Amino acid sequence: MSFPLLTVTAAVPAVGAILTAAVPAARRTAAKWLALFFSLATLVLAAAVTVRFEPGGDRYQLTESHAWIKEFGVRYELGVDGIGVALIALTALLIPFVILAGWHDADPLETKSSRWRPTQGFFALILMVEAMVILSFEATDVFLFYILFEAMLIPMYFLIGGFGDRAHAGSDENAAAQRSYAAVKFLLYNLVGGLIMLAAVIGLYVVAGNFSLTEIAEARANGQLEMATSTERWLFLGFFFAFAVKAPLWPLHTWLPNAMGEATAPVAVLITAVVDKVGTFAMLRFCLQLFPEASTWATPAIIVLALISIVYGALLAVGQRDIKRLIAYASISHFGFIILGIFAMTSQGQSGATLYMVNHGISTAALMLVAGFLISRRGSRLIADYGGVQKVAPVLAGTFLIGGLATLSLPGLAPFVSEFLVLVGTYARYPVAGIVATTGIVLAALYTLVLYQRTMTGPVKEEVRSLPDLRPRELTVIVPLIALLIFLGVYPKPLTDIVNPAVRHTMSDVQQKDPRPEVEAAK
Amino acid sequence: MSATAVHSLWTTAAEPIGKITAPKIEYAQLAPVLIVVGAAVLSVLVEALVPRRGRYHTQVFLTVVALAAGFAAVVGLAAGGYGSTKAQIAAMGAIAVDGPALFLQGTILLASIVAVFTFAERRLDPAHHGHRVDSFAAEAAAVPGSEQEKAAVKAGFTTTEVFPLVLFAVAGMLVFPAANDLLTLFIALEVFSLPLYVLCAVARRKRMMSQEAAVKYFLLGAFSSAFLLFGIALLYGYAGSVSYARIADVVDGNVTAMDPALAATMGNDALLLIGFAMVLMGLLFKVGAVPFHMWTPDVYQGAPTPVTGFMAAATKVAAFGAMLRLLYVVLPGLTWDWRPVMWAVAIVTMLGGAIVAITQTDIKRLLAYSSIAHAGFLLAGVIAATPDGVSSVLFYLGAYSFVTIGAFAVVTLVRDAGGEATHLSKWAGLGRRSPLVAAVFAVFLLAFAGIPLTSGFAGKFAVFKAAAEGGAGGLVVVGVLSSAVAAFFYIRVIVLMFFSEPKVDGPTVAVPSPLTMTTIGVGVAVTLVLGLAPQYFLDLAGQASVFVR
């Protein structure tokens, strides 16, 4: 038996979570370093996964398969394709930065009873989320994926509700109430989505008799498993609903601004850059593979919803007064692009969407974390409370600008490549949709630059005058992210090499060919 | 009809006395029940004869040993193949010894052992005059608020009658799911109900509420027993027998020879349907299904919390067992008649329990409504009418009982000056004050909500899967939706515990003895094991899903 690399990659952060949680209350700093160590160990393992993965090889590699619950036909089956590898790498890469950025976010305000250990809990929960997210990118058993999809809500819920943003406008009690409102909203939206998916999962079992993604997809492809058209459509809708809540797609998006606004910046990054990716990833892996015909059937409606997300998210971002909510609405707009790319059903669109998932993760992390540093200095999330920061803290302002430019997909930075691919891929099949989506870019320029202008330029506000510039810890977080944005913007080949074969498989699942001869774009 | 013909209906030629054959009783197969009944009788004697000083320890020891021995007997029978190949009808057709019976008896016995630990807990209340006291009335016969009662409380009296009562109740519950004729069913029902009525009335604190709960439970229980009994009479009129096998034969039309005395009624479908509906009502009352659930919140709230936990878990197991046997053994031929009715009951039970629970402000009432919603989920599995349906219900019952007992055991720990602090507002900020207790309770709540990696999810999945395969896809959708509603109020308690600031005069968490710790520990362990690796137990339930007829 070969070394179970995928299991170990997911198990290491889980073990780290348990150990971190067990650190005594007084040894807070030790818990932080322990968590950082385990997140770095996971990064090494994720790198090993990337190296061991052969882009030209089998569709699913590094597979593992063990019996788990025979009665339900459930197996513990893991395997990664290029899309999974890219997202595992993204997750493992971002978590150390999330931990570093949140270094002081969970320090207890005053020494309460010695048994209350918020710091240990905070970092343990982050690692737990990482473990579950990584395993969900690896799962090729529908049941296993479902369990993780639901279970990861619980640690996320405690992260949002338990460790709110200190810099909340208004009284403390009010902040606590809003925070628990946001956490409950997050949980209920996602739980309802998940439970509807549960009904579809059970339905799939009744139809197919097992949960193995590969087996079901194969049986479907060679005609052994017939599904009535209406059955397939209902099941597709059940799955898609859950993923659309998670992703989030308009009109199921309303939990995201609350959750991202109330959570601390690192947790907001965890939500939008890591956990939400499971939703879009699952659309590619489960919706398209299991229900190809229904996916094609639903495409027009989904494209319309994605376009609404793009434009609506961007418009609302323009109107926000709160920095974090602005970034949240920008993310909704970007998720619109990702979903548009997936359902454009062209290979450029889908590679673009996959690249977009990775690039959006990095660029949002950069922007959100710098915003978090800024907010923690001034103690306010309102844009109007800032002004002229670039004169006081030029490095902070500069990194904020780069993060913002990445968000608006400036050529030369990584998101440009993916956004361009999505637009080209969409235009090839749905010209009107491609044109409408382009307005999202224009609006992105508007909200990002206006945000920068209002907070960083202009006369220096009195309260801002004494803001310190970025500290070494914060620079350690932000510099590598920016370097990565530039590198992937100039040379995306390593990523596209991994992703493209997987996209070709998905395209053949849905029996779609590109409208024109395949353009090996971005190679 | 001539006078002699009528006369011959109730007289018969006398046989010589010596020719009465003794009934054949399979003592070995009935050992689990007999051990518990024997211990119950012994326990009464202990109450009468053992000096007060040693009574508590004797009773606890006797009860736990008897229940454990009963469980060992169940395991022995199952290992001997009585659950599968050697399944048979024992005691002249009165008791079935088969897979479902043994599985449920094992579940009831294990759950009871764990629950009895909370009965025996004496560390939670402050000691009175050096006497450690438990959750039960100092002197149950004293009028609440009277001088006599005050004196008894002051003197730190404790009583141990609860232990024989529990043993009798358990004995009845063991027979209930194994009963193979309607009379045994009724007797078993009364044997476990009467001790429960008394147990509900003996809370040490809030005695008026406890007695009110007992009276409500007794009156409504008596009412439902009457329905059950009337139903039995009608079914006898229909089939000419109270035996399950015989009724099933008549339903299936395999019986042609009619009892002359019943010629006018036998085979009359009206009798069958009405009688069956009434018997079913009696059982639905015991499981707390809507619209027969009205007693549940009051009784759960008023009864002493250890009793609530025991009752919520064990009664549900026993009653669902009896219902399964009735529907699967007696009435498979009537599936198309009872299914629509049960569909409706299951839907209103799931939705009703979940929706009404949202407005509750008392943790015990909240758990009561949650138990109603769970009864609805279980009904979805019952309705599947497949072997998978049986095994999923068996598994769900096992998983659910330990979560329930554990959750109520946690409720006994959170106390203020007036005893247990059951009002939800008092639980605010518990997570900051006692992270461990709050975390354990959160695990139970997540299991109730059916979050993956807990036993609640495995059970819910099994039941819904069976229902979907049995053609009840609509029920699955309703079940999923009401799970979402239910999740809301479980989550609300978690929010309260972890995200609210603790109140200044909030309750304290009592440090329990190893007894309650064991109960809670077992509850958590079972919840997680059945969530992560349910394979073995699903297997067991799968093997135990065939009824003997």
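Predicted model: local features only at pLDDT ≥ 70, side-chain atom pairs only at ≥ 80, totals over all residues.
The expected span of a helix is 1.5 Å times one less than its number of residues.

Consider helix H6 of chain B, residues 162–175. It has 14 residues and reaches 20 Å from its first C-alpha to its last, close to the 20 Å expected. H6(B) is also mostly covered, with 14 of its 14 residues buried. Helix H14 of chain A, residues 347–378, can be treated in the same manner. Its 32 residues should span 46 Å at 1.5 Å a residue, and its end C-alpha atoms are 45 Å apart, which agrees. Since 30 of those 32 residues are buried, H14(A) is largely enclosed by the rest of the structure. After H14(A) comes Gly379(A), which has a positive phi, near 80°.

I turn next to helix packing. Two packed helices are described by the angle between their axes and the distance between the axes. In chain A, helix H2 (residues 28–52) packs with helix H4 (residues 118–138) at an angle of about 10°, and their axes are 9 Å apart. Because angles under 35 degrees count as roughly parallel, H2(A) is roughly parallel to H4(A). Residues that meet in this contact include Ala35(A) and Phe38(A) of H2(A), and Phe123(A) and Ile126(A) of H4(A). By class, the contact has six nonpolar, four polar and three charged residues.

Leaving aside residues up to four places away in sequence, Ile126(A) touches Ala35(A), Ile95(A), Val98(A), Ile99(A), Leu159(A) and Leu270(A).

In chain B, helix H7 (residues 182–200) and H8(B) pack at an angle of about 175°, with axes 9 Å apart. They are therefore roughly antiparallel to each other. Among the residues making the contact are Phe186(B) and Tyr197(B) of H7(B), and Tyr217(B) and Phe218(B) of H8(B). Its composition by class is 13 nonpolar, four polar and one charged.

H8(B), residues 207–239, also holds Gly237(B). Is this glycine buried or partly exposed? It counts as partly exposed, because it has 16 C-beta neighbours inside 10 Å.

The two chains also meet: 29 residues of chain B are in contact with 31 residues of chain A. On the chain B side, the elements giving two or more residues are helices H16, H17, H18, H19 and H21 of chain B. H19(B) gives the most, with eleven residues. By class, this side has 20 nonpolar, three polar and six charged residues.

Finally, the backbone. Most residues other than glycine have a negative phi, and most peptide bonds are trans. Against that background, Trp250(A) and Pro251(A) are joined by a cis peptide bond with omega about 5°. Pro251(A) lies in the loop between helices H9 and H10 of chain A. In chain B, the peptide bond from Val290(B) to Pro291(B) is cis, with omega near 5°, and Pro291(B) is placed in the loop between helices H10 and H11 of chain B.

Two residues with positive phi remain to be mentioned. Leu62(A), in strand E1 of chain A, has a phi of about 55° although it is not a glycine, and with 23 C-beta neighbours inside 10 Å it counts as buried. Ser409(A), also not a glycine, has a phi of about 60°; with 27 such neighbours, Ser409(A) counts as buried.

Technical notes
Residues numbered from 1 in each chain as written. Chains lettered and ligands numbered in written order. Contact = placed C-beta atoms within 7 Å. Helix = DSSP H or I, 4+ residues; strand = E, 2+ residues; numbered from the N terminus. Nonpolar A, V, L, I, M, F, W, Y, C, P; charged D, E, K, R; others polar. Buried ≥ 20, exposed ≤ 12 C-beta atoms within 10 Å, placed from the backbone. Axes fitted to C-alpha atoms, helices over the stretch in contact; angles between N-to-C directions. Parallel < 35°, antiparallel > 145°, perpendicular 65-115°, else oblique.
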